[in-house]
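Trainee: Good morning. Could we go through this structure together, one topic at a time?

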Amino acid sequence: MTEKDFIPGVYPQKVEKGQITYSSPSNIALVKYWGKKENQIPANPSVSFTLEACATTTTVTFYELGSAGSHFSFDLFFEGRPNEDFKPKIQTFFKRITVYLPFLKSYHLKIETANSFPHSSGIASSASGMSALALCLLEIERELNPEMTQEYFTRKASFLARLGSGSACRSIEGDLVQWGAHKETEGSSDLFGIKYPYKVHNVFNSYHDTILLVDKGKKQVSSTIGHGLMHDHPFAAQRFQQAHNNLSKLRSVFEKGDLDTFIEIVESEALTLHAMMMTSQPSFVLMKPNTLEVIQKIRDFREKSGTHVCFTLDAGANVHVLYPENEKEKVYAFVKNELLVYCENQQHICDRIGYGAKKLG
Ligand code: PMV
């Protein structure tokens with residue numbers, strides 16, 4: 001598919017007004033997306049676990065304007081209150097997607113959005129937020145064109161979400177989602193995420209992700225700046241190749257449930273992401289002393305207990321602790337007894353692998 005396939009023809013239906021609600025989850029990358037080309041095209045392919053508990057719920061209430069305006073007409077409410085801060089981001093998103101959703105300027109939109117996790121938790125809400133909004137907007141298009149197939153809907157929702165925030169395109173479906181062209185993955189595309197198309201061992205169906213809120217501060221480096229750092233990065237080419245290789249290796253890991261190799265790849269990806277930030281110009285150290293304490297404790301405990309607990313990181317100090325369902329008692333006891341002291345006010349979120357966005361109304 002190309003970008004052109006997402007430009008609609010004349011809509012067969014008219015819709016005056018309506019209301020749509022979606023809840024869309026966050027996701028955690030196992031192979032990281034870090035570096036992009038123009039138009040939100042990723043510099044390398046990535047794969048993620050869709051989450052369940054960390055989600056954004058968005059309601060879009062819309063009515064048709066008398067005549068199509070020259071600008072986007074919308075109000076934004078975040079957690080029940082009018083919010084001006086997020087408006088420029090939405091405005092940019094609308095500008096990017098208006099060619100694919102040409103009805104946008106013909107409606108006034110009231111967007112009401114809320115996260116299941118605390119806003120100042122250091123957990124990025126762009127993936128869940130942008131995917132929830134993309135889904136609501138595309139649902140309006142589906143009302144204008146009820147013949148749209150579910151397959152096309154899912155692809156286009158991911159395509160649109162990507163234009164809001166790259167990683168958001170991996171939040172439409174579950175449970176494992178790959179985004180970015182990879183020659184060994186059939187159907188993979190730079191334009192949208194796809195459900196991982198090969199066999200996945202049962203052990204991954206119910207994986208846990210306990211998110212440790214080590215540092216709830218504001219992000220030190222925005223995604224846009226962060227991705228930009230890969231442009232003249234001395235290790236960029238090797239890094240992008242490594243992501244391709246890791247995806248190739250993961251195929252048999254997912255198939256066989258090979259947790260030892262899974263751990264090697266996932267931890268290496270997390271540390272490489274941070275290594276890229278530490279070796280770029282300017283450089284950023286986003287881990288905190290407590291992040292390193294937690295990493296060391298996880299490795300020690302894994303060795304001692306024979307469990308398969310491992311960690312991954314986002315572009316921040318918080319730690320995602322990953323472990324299989326059949327080890328949850330042992331690992332969660334360890335998290336409670338030994339890791340929560342490194343979190344701000346012991347805060348953590350018990351999440352697990354999820355199955356994608358849901359239409360609520
Ligand atoms: O979606 P963005 O532009 O905020 O980038 C997300 C980048 C990472 O979270 C660090 C990695 C990833 O693949 O999700």
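This is a predicted model: local features need pLDDT of at least 70, side-chain atom pairs count only at pLDDT 80 or more; totals for chains, interfaces and linings use all residues.

Trainee: Where does Gln-40 lie?

Mentor: Gln-40 is in the loop that runs between strand E2 (36-37) and strand E3 (41-42). Its phi is positive, about 60°, although Gln-40 is not a glycine.

Trainee: And what is the phi of Asn-345?

Mentor: The phi of Asn-345 is near 50°, again a positive value in a residue other than glycine. Asn-345 sits in the loop between helix H8 (328-339) and strand E13 (348-352).

Trainee: Is Asn-345 buried or exposed?

Mentor: Asn-345 is exposed, because its relative accessible area is 64% and exposed means over 50%.

Trainee: Let us step back. How many helices and strands does the chain have?

Mentor: There are 8 helices and 14 strands in the chain.

Trainee: What radius of gyration does the chain have, and what would a compact globule have?

Mentor: The chain has 361 residues, and a compact globule with that number would have a radius of gyration near 21 Å. The value for the chain is 20 Å, which agrees. Along the principal axes, the C-alpha trace spans about 70 × 45 × 40 Å.

Trainee: What share of the residues counts as buried?

Mentor: Of the 361 residues, 54% count as buried. As for the surface, the chain exposes about 15800 Å², and carbon and sulfur atoms supply 50% of that area.

Trainee: What about the charges: how many side chains are positive and how many negative?

Mentor: The chain has 39 positive and 40 negative side chains. The centres of these two sets lie 2 Å apart.

Trainee: Next, the strands. In which sense do E5 and E7 pair?

Mentor: Strand E5 (residues 73-78) and strand E7 (residues 107-115) pair in the parallel sense, over 6 bridges. Within this pairing, Phe-77 stands opposite Glu-112 in E7.

Trainee: And how does E5 pair with E6?

Mentor: E5 and strand E6 (residues 81-82) pair in the antiparallel sense, over 2 bridges. In E6, Pro-82 is the bridge partner of Phe-77. E5 and E6 form a hairpin with 2 residues between them, and Glu-79 in the turn has a positive phi of about 50°.

Trainee: Which residues is Lys-110 in contact with, leaving aside its neighbours within four places in sequence?

Mentor: Lys-110, which lies in strand E7, is in contact with Thr-59, Val-60, Thr-61, Asp-75 and Phe-77. Lys-110 and Val-60 are 50 residues apart in sequence, and their C-alpha atoms are 5.5 Å apart in space. At 33% relative accessibility, Lys-110 counts as partly exposed.

Trainee: How much of the contact total comes from residues 24 or more positions apart?

Mentor: Such residues account for 76% of the contacts in the chain with a separation of 6 or more.

Trainee: One last topic: where are the cis peptide bonds you mentioned wanting to show me?

Mentor: Asp-175 is found in the loop between helix H3 (150-164) and strand E8 (176-179). The peptide bond from Gln-281 to Pro-282 is also cis, with omega near 0°. Pro-282 is placed in the loop between helix H6 (259-278) and helix H7 (289-305).

Terms used:
Residues are numbered from 1 along each chain as its sequence is written. Side-chain values use heavy atoms; hydrogens and water are left out. Helices (H or I, at least four residues) and strands (E, at least two) are DSSP runs, numbered from the N terminus. The radius of gyration is taken over C-alpha atoms; the globule rule is 2.2 Å times the number of residues to the power 0.38. Buried means under 20% relative accessible area, exposed over 50%, partly exposed in between (1.4 Å probe, protein chains only). Contact means heavy atoms within 4.5 Å. Accessible areas come from the Shrake-Rupley method with a 1.4 Å probe; for residues, only the protein chains shown count as cover. Lys and Arg count as positive and Asp and Glu as negative; His and the chain ends are not counted. The place of a charge is taken as NZ of Lys, CZ of Arg, CG of Asp or CD of Glu. Two strands pair if DSSP finds at least two bridges between them.
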